[in-house]
Structure formats: C-alpha cells, structure tokens
Amino acid sequence: MVAPGSAGRVLLAYSGGLDTSCILAWLIDEGYEVVAFMADVGQEEDFAAAEKKALAIGAKKFFCVDLRREFVEHLIYPSVQANCIYEGVYLLGTSLARPVIARGMMDIVEQEQCQFVSHGCTGKGNDQVRFELAFYALQPKIKVIAPWRDPVFYNRFAGRGALLEYAAQKNIPVFQTAAKPWSTDENLHHISYEAGILEDPDTTPPADMWKLTKDLKATPSEPERLSITFKKGIPVEVIVHPSGAEAVASTEGTKVTDPVEVYLTLNALARKHGVGRIDIVENRFIGVKSRGCYETPAGTILRKAHMDLEGLTMDRDVRKHRDAFLTTGLSSVLYNGYWFSPEREFLQACLEKSQETVNGRVRLSLYCGNVIIEGRYSDTEKLYDAEQASMDAIGDFVPEATSGFIAIESIRLKKWGEARNSKAGASMKPESVYYPLTKTD
C-alpha cells in the first residue's frame, strides 16, 4: 500500500463522470494527494453535486472557477474577429475552451503548490494535445499524468465494465441515466457529440441527440429580427426587435451589452430557431479521421454577421490577406492546441490591426435554421460609396479608364491564348483544348 500523498500533489481536471472519478481514486491509490478542478465555461452542470462526489471519493480540495467571461472575451471574440473555422465547417467550440481551462488550472497549480496535473483525455483525441501544450507553455516545469496513455492504467481498465467494477469497489456512485450511445462536451460556445453509434459516418444522428437547438419542425413560423453592433470586429450590442418589426431602427427593442449576456442572448435566439447544427468527418491533429456532430448557436450568428459587416467596412486586399493568413492560421492554432505560443501572439496582433475599421451594425433575421442578413450600416467607415457604385450615375468614375485596365489585364491572357491555339493546331476544335474531358477510370 502506497502511503497517501507520498507521490506528490496533483491537480485533476475533474468532470464528475465515471472516467475522472475512477482516475481520482486511482491517483489516490498510487500515492498522490489530489485536488479536483472544474471550470465553469457555460456548460449545464450540477457543480455542487460534482464537488460533493469528488470530496467523498477522497479529493483533498475542490475548486470550481467561473471562466465564462474570460472565455467569451479572450477566446470566442478573437475567433469571431478572425472568422475562425476548421476545414470549412467546424467553429472550434471544444478547442476554444481548452486554453481557458488550462490557464485556470495553472492558477490553482501555483496556489496549491501542485507538482503534477492530470486529465481524463483519451490517447487518440485532440484534447490531450491541447491541454498539455497549454500546461507546458504556462508552467514549463509542470509534470503531466495522462492515465489513458499509461499502460498500467489502460490495461487494467480496458473497458467500461472494468471501470464500473472499480467504482463499485471504491463506493463511487454511478448515476444511471437514459442510455445515450455517444459522448458529449459542452460549453457556452457549443456542444459536441462523438463516439458510440456516431463512429459509423453513415449513421444519421437520432432526433433526440440534439440538445441545444430545436428541430426545424418545431421552430417558430415567423422570423425573429435583431441587430448586432460591432466595434473593431467585436460584438458590443445586441438589440432584439419587437415581433413583426422590420428592425430598421437600431434603438427599437430589447438591448443587451454585457459580453456574457450578449452571448447568452444570441444562444437563446439561435437555439429557438434551430440555428447552428453541423455533422462532419474531420481530421484530428494526430492524423485520425473522426466523425463529429456539433451545435454552435450564437457562434453561427456572429460569424455570418461579422463577415457581412467586413464586406462594407474592410479594404479588399486587407481582407484577402486576413482570410489567407489570419483566418486559416488562427483556426489551425486553435484546433491544434497552440494558443499559448509565439505564433498566436503574432497572428492576434495582426488580427487586431485588420479589425480597426470593422465598426457598424448588421440587421438580420432568424428563421427555420437560417441566419438571413437584411441590412448593414456604418457611420464611420466610408469605403462604400453609393454614388460611385451606382449604375445610374457616373460621378467621378471615368468609364473610358476601364478600357486601359482591361487592356493591361489581358496582355498575359492574349499570350497564353496564342500559345494554346498554336499548340492545338488548326484541325483541332477549341473545346478539346479548353475543356478536356474528365476521365473517371
């Protein structure tokens, strides 16, 4: 029998579920003194019950830290500014929360003088990488205990049955709920579903799986209108307009300005109207493909509104370079777990510069799973000139100038066309050169 606490003090990222409850007990068996940690990042959770359970199992202390505001202001909002998206679909809900949780844990590591930190991440997933890279960047000398990569642990607990047997031996309560053959991870930004029946990519998710958003058949029959005001690419105000209003006046309706309340308000509206569901097969950082289903209600609204306002207020080439380098770069940084890194600091500094002109208001409606843009306005950024863009007025635009523009742009195309025609020969039909048949065999 190992003497309690002889191996050192460890901070455990605790969820209250079967895995981390068994890990807590196992760490104690291995001689560690365990401090349990939970982060409130907006998930629906009985934190008091989790604390009671952790202490009953043997944790010396329990910490639950409210990190919702930090999550919104320092992770979600930069991702909105950058229009972050992974593989064209995923809005990075799980990966956005990991840096905040890791930072909160390192505060307690220092406060409680823990030499170790532990988690319940599986050996095939992304989260082990995200957490541990963050731990090492914030506390370079910290030691990580990853039970699901320890042969002693994973050979002993090869399946759920072994965990349940150990839980019974240790008097760890296991609450029986309706069977849900998939795993979930929830925070203020989203909820994810994976594993179980979802591992077959051709299995349609059952209707009762989706937790946050209404089924389209149950959404309201009338659209709901709102306005979102951005300052430097960050949402600073949401106005929910009265039912039936055309939402032309920005001051008419219920106004919300606090960052957390802004996000909660948008979440509630999007959930009501079935906005934010996706079902994808993605490439994990470690090289394994994974099928995941996600609900990202408020994030879906904000990305569409922000991108629309950029069309009005952002210089063309600034936007092009931001899309090429910052959107893809920051998305990759987030997904792969490099938030606390020099490259993230560099990308975010560039991002803030790119967002200086993104000021204004977007009017939109939510209806039957759709986010519909109805108008946009900025009183400070004058890149759009209605008279210059009008087909009914010449203004200071000289139409003849376009002839020179086209002549210069066509120089290389004329040369390319001459070369292609010469190669084709007079007997060949032009379409055989320019539209080659695609072979499928």
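Below are some questions and answers about this structure and its labels.

Q: How do you know what kind of model this is, and how are its residues numbered?
A: It's a predicted model, where local features need pLDDT of at least 70, side-chain atom pairs count only at pLDDT 80 or more, and totals for chains, interfaces and linings use all residues. Residues are numbered from 1 along each chain as its sequence is written, and side-chain values use heavy atoms, with hydrogens and water left out.

Q: What makes Lys415 and Glu418 a salt bridge?
A: The term needs a side-chain nitrogen of Lys or Arg within 4 Å of a carboxyl oxygen of Asp or Glu. Here the N to O distance is 4.0 Å, and the two side chains meet in a salt bridge. Lys415 and Glu418 sit three residues apart in helix H14 (residues 411-424), so about one helical turn separates them. Helices here are DSSP runs (H or I, at least four residues), and strands are too (E, at least two), numbered from the N terminus.

Q: Why does the pair Arg9 and Glu112 tie together parts that are apart in sequence?
A: Their closest N and O atoms are 3.1 Å apart, and they form a salt bridge. Arg9 lies in strand S1 (residues 8-13) and Glu112 in helix H4, so the pair links parts 103 residues apart in sequence. Both Arg9 and Glu112 are buried.

Q: What makes the largest nonpolar core a core, and where does it lie?
A: A nonpolar core is a set of buried Ala, Val, Leu, Ile, Met, Phe, Trp, Tyr and Cys residues joined through side-chain atoms within 4.5 Å. This one has 70 residues, and Leu11, Phe71 and Leu266 are among those touching the most other members. Helix H4 (residues 93-112) gives the most, with nine residues. Domain 1 (8-68 + 91-179) and domain 2 (186-387) both contribute, so the core lies between them; those bounds come from an automatic or database domain assignment.

Note on methods
Buried < 20%, exposed > 50% of the residue type's maximum accessible area, 1.4 Å probe, protein only.
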